[in-house]
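Dear colleague,

I am handing over the structure that we talked about, and I would be glad if you could look at it before reading my notes. Please keep it open beside this message while you read.

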Amino acid sequence: MTATATTDVTGARTPEAADVITGARERIDALDDRIIGLIQERMAVSAVIQEARIASGGRRVNLSREMEILGHYRDALGKPGTALAMTMLELCRGRI
């Protein structure tokens, strides 16, 4: 790929900046793959917990635990952390 093509793809105005952006995007892609894998692992663990809770006569969802998780994400990431946690919880337990 030519320097001009690289800068067009990255939005950078110099080849040097395009190189930085390309490298950083590769790292982001790798991080995203790890995050997706961790969420999938969390979904599997959550399913085990739900199955055990239901088998013991309990409810599928423990709302007080979910509130703890929401607070943890909010404290760590601010208001957007709450939305992220809600999405993750929905993935792990489905809509209630």
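This is a predicted model: local features need pLDDT of at least 70, side-chain atom pairs count only at pLDDT 80 or more; totals for chains, interfaces and linings use all residues.

Residues are numbered from 1 along each chain as its sequence is written, and side-chain values use heavy atoms, with hydrogens and water left out.

The protein chain has four helices and zero strands, and its pattern along the sequence reads α-α-α-α; here helices (H or I, at least four residues) and strands (E, at least two) are DSSP runs, numbered from the N terminus. Of its 96 residues, 19% count as buried, where buried means under 20% relative accessible area, exposed means over 50%, and partly exposed lies in between (1.4 Å probe, protein chains only). The chain exposes about 7300 Å², of which carbon and sulfur atoms supply 60%; such areas come from the Shrake-Rupley method with a 1.4 Å probe, and for residues only the protein chains shown count as cover. Among the contacts (heavy atoms within 4.5 Å) with a separation of 6 or more, 33% are accounted for by residues 24 or more positions apart.

Next comes the helix pair. Two packed helices are described by the angle between their axes and the distance between the axes. Helix 3 (residues 63-77) packs with helix 4 (residues 79-93) at an angle of about 145°, and their axes are 7 Å apart; the axes are lines fitted to C-alpha atoms, for helices over the stretch in contact, and angles run from 0 to 180 degrees between N-to-C directions. The residues that make this contact include Glu-66, Tyr-73 and Arg-74 of helix 3, and Gly-81, Leu-89 and Arg-93 of helix 4. By class, the contact has ten nonpolar, two polar and four charged residues, with Ala, Val, Leu, Ile, Met, Phe, Trp, Tyr, Cys and Pro counted as nonpolar, Asp, Glu, Lys and Arg as charged, and the others, Gly among them, as polar.

Two members of that contact deserve a separate look. Glu-66, which sits in helix 3, is buried, with a relative accessible area of 10%, and, not counting residues up to four places away in sequence, Glu-66 touches Val-61, Leu-89 and Arg-93. Gly-81, in helix 4, is buried at a relative accessible area of 1%, and, leaving aside neighbours within four places in sequence, Gly-81 is in contact with Tyr-73 and Arg-74.

Gln-50 is itself buried, with a relative accessible area of 11%, and its side chain reaches the backbone oxygen of Cys-92 at 2.9 Å.

Terms used. A polar contact is a pair of N or O atoms within 3.5 Å; within protein, one must be able to donate a hydrogen and the other to accept it, and residues adjacent in sequence count only if both atoms are side-chain atoms.
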